[in-house]
Amino acid sequence: MISGCRALDLTDDNGFLCGKILADLGADVIKIERPGGDPSRRIGPFWADVPHPEKSLYWFAYNSNKRGITLNIEAADGREILKELVKTADFVIESFPPGFMDKLGIGYPALSRIRKDIILTSITPFGQSGPYHNYQTSDIVTMGMTGILYQTGESDRPPEHMSIPQACMHAGADGAVGTMMAYYHREMTGEGQHVDVSMQQSTAWFLANAVPLWELNGVVLKRSGSFRWSLSSSQRQVWQCRDGYVFFNIVGGRTGAKTLYELVNWMDGKGMADDYLKSMDWDNFDMWRADQQMVDRISKPIEKFFQALDKSEIAREAAARQISICPLSTMEDLLNDPQLKARSFWTEIEHPELNTKITYPREFVKSSENACETRFRAPLIGEHNEEIYGEIGLDKQDLVTLKQAGVI
Amino acid sequence: MSKGDKKGIFDGLIITSFCWAIVGPLTMKFFADHGATVIRMETAKRPCTLRISTPYKDGEPGINRSGYFNHFSANMYSFSLNMDSPQALEIVKRLVSRSDVVMENFTPGVMEKWGLTYDELKKVKPDIIMLRQSGFGLWGPYAQQPAFGMILAAMAGLPNFIGEPDGIPLPVGVSPYTDCISPRFAAAALIAALDYRNKTGKGQLLDLSQFETALYFIMPALLDGAVNGREPPRLGNSCPYAVPHGVYPCKGDDRWCSIAVHSDEQWANLCRVIGKTDYIDDPRFNTMRNRKQHEEIINELIIEWTINLTPEKVMDRMQAAGVPAGVVKNAAEISEDPQLRHRNLFWPIQHPDMGLFTHLGPSFELSKTPAQPRTPSPRLGEHTEYVCTRILGMTDKEFVELVGAGVFE
């Protein structure tokens, strides 16, 4: 859709997803790494568990569809080359600490002098200014400052962190939205601007009803873990099945009655629904007011029922009955998921130097007009130096000189 | 409230939005906050589920009193239309003919039932862009399954990453977590589609699955599964290559501070802060691998220090020494957070039923075209007359007749 656009992607893992989304939408995204490779290439997991900078699956995942060059922007020659590249670019994306680019003389004011309508997108833990902007952080620290960590975990235990980094995902995706907005504005007016994304803000942006609950009821939403609290009882929401776990909330009324009636029918078909369950009026059942005794009477036979079933049967029946119950998918389940298969969600991408193909998500949106597919693997270190530097008039001899000077 | 005075990026753009619950409104927020006329198609016969969700102003239920609904819908218009009335389809089509985009996030089948598929919309407006954003996408064996937050997150495998190694997998604490994932992907794609239309004159259909976009947030683990056959281990709060790494209890009720040490230098700084400089070179703790072996002892040492201090004190003293640390904030603390205030995450806006009420603001900043609070979340049907007379060009007489026929219920 935006195949005429070019982005220079200077981000590390804090900002990878931004460039990935733009690349999938068709932009020519050039990943710029320091000579020798970006430190984020050491983030695992690794292909065949070989810890090597060109075998990081983390790097592969978020840098496919990007080309790659090496450039030391802390060297004067490197900055001059960057400025040449900026003339050919629509977007510059970066995730350096606030002020770092300014100090090098390549912050937004400098870049906009080189190319008036340039869009600079900065992705940092807390944003470019404000009381926390220079704070040191790590995903567990940032997530703590978003409200999500506090609410995650069992009620009688410490908050539990999600072990795969998330704040960078919210911010990276927001970076893509902000860049596209700024681009739309530029196409309308010719004006460029600076997009300032904060990982804390992007992640704290969605806390469901926690903020209004505090504002209107003075209630602080706590962790509830495998149980869910209502006004009057606690209800299981993570259930065991024969080969894994099932996620399911007992909710009546408009949102949940259909699921409960169907579940009881399903149980009854296997002779596992008792008279109490069969007599329930789910349309008028209000889980916010049901007392603990009632919740326990409902839960017991359901618990038994799930324990006797396999994940695959639960998934199949839930889909056929169109109800809101699902087994927890493992990575293997997802790679074989019938829904994802039906939509050709997975694609195989060639990695010739590893003599293999690797499975990737194909596309995040299906467009009737444009292909948004993952087309090629992430770049090797400096893979496109010759190609891209050639475009701005550097010949092979220049590259040899720059290589020896530690610039590329 | 402060009226927006600057021009918005999407001024003049009209979006007819059959959006409901959370996913649709969050997607539309990116457009409404930047000037687009986002017209939410609603009906009192079957109100948006958030309109009938707690918490309510003063605890009194009411269609315009839900804090959940009103938190997310600043700057949007509400158009009330009874889709069962014989005139409804014609009115929608008139609106479509004036629109740039039609958006919806129902389970597939609802728009089909009304005859509002992309093919039909195209007949009315050849360059229309239609964004469909259901739980599982428009086709496939799960397409008709209802998609509620916690269920979708489990289906996408997210709880595998939460919990103790010997415990069970746990849901993300914000249970409809995936609801905020697809809106970003959808908004980026929709802006790209608008730009493409502006340049080529071609509209399009965008089919986006909430389930599929959620997988982009755990992509490396999926590649690890595909390549190495590995399932993600549950790690509690520990990290294989950083010690200490965790959430530490502080002074007060259920108060905690995260601390993460990724280098020897940070370890030395932490030791200075807690007044245990002899631990810097202690052979049990002097390298990351040694610290990993003695992680439990280290955690106990840190707790001895944190337990007598507020998490704010712990954060301030650690940060002053360059050690990553942060208060584990609850929703009350988030609404007061000085950094988030600095960035206008929340907009206090006067609302006719709610009084001065916190509406959600932007998730990022644009230096020249900031998101602006213009109007509070709409009352149900608040803009029906405005849209009919000002956008559709109905005469007052025509409008009054339709009102009399119960079309706008």
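## Strand pairing across the chains

Two strands pair if DSSP finds at least two bridges between them. Strands (E, at least two residues) and helices (H or I, at least four residues) are DSSP runs, numbered from the N terminus. Lys366(A) stands opposite Asp207(B) in β6(B). Strand β14 (residues 366-367) of chain A and β6 (residues 204-207) of chain B pair in the antiparallel sense, over 2 bridges.

This is a predicted model: local features need pLDDT of at least 70, side-chain atom pairs count only at pLDDT 80 or more, and totals for chains, interfaces and linings use all residues. Residues are numbered from 1 along each chain as its sequence is written, with chains lettered from A and ligands numbered from 1 in the order in which they are written.

## The interface

Chain A puts 117 residues in contact with 118 residues of chain B. Contact requires C-beta atoms, placed from the backbone, within 7 Å. Helix α8 (residues 167-189) of chain A supplies the largest share of chain A's side, 13 residues.

Leaving aside neighbours within four places in sequence, Ala188(B) is in contact with Ile21(A), Leu25(A), Ala176(A), Val177(A) and Met180(A).

## A three-stranded sheet

Chain A has an open sheet of 3 strands, ordered β9-β10-β11, with antiparallel pairing. β9 (238-241) and β11 (326-327) of chain A are at the edges, each with a single partner strand, so one side of each has no neighbour in the sheet.

Strand β10 (residues 244-247) of chain A pairs with β11(A) over 2 bridges. There, Cys326(A) in β11(A) is the bridge partner of Phe247(A).

Notes
Contact = placed C-beta atoms within 7 Å.
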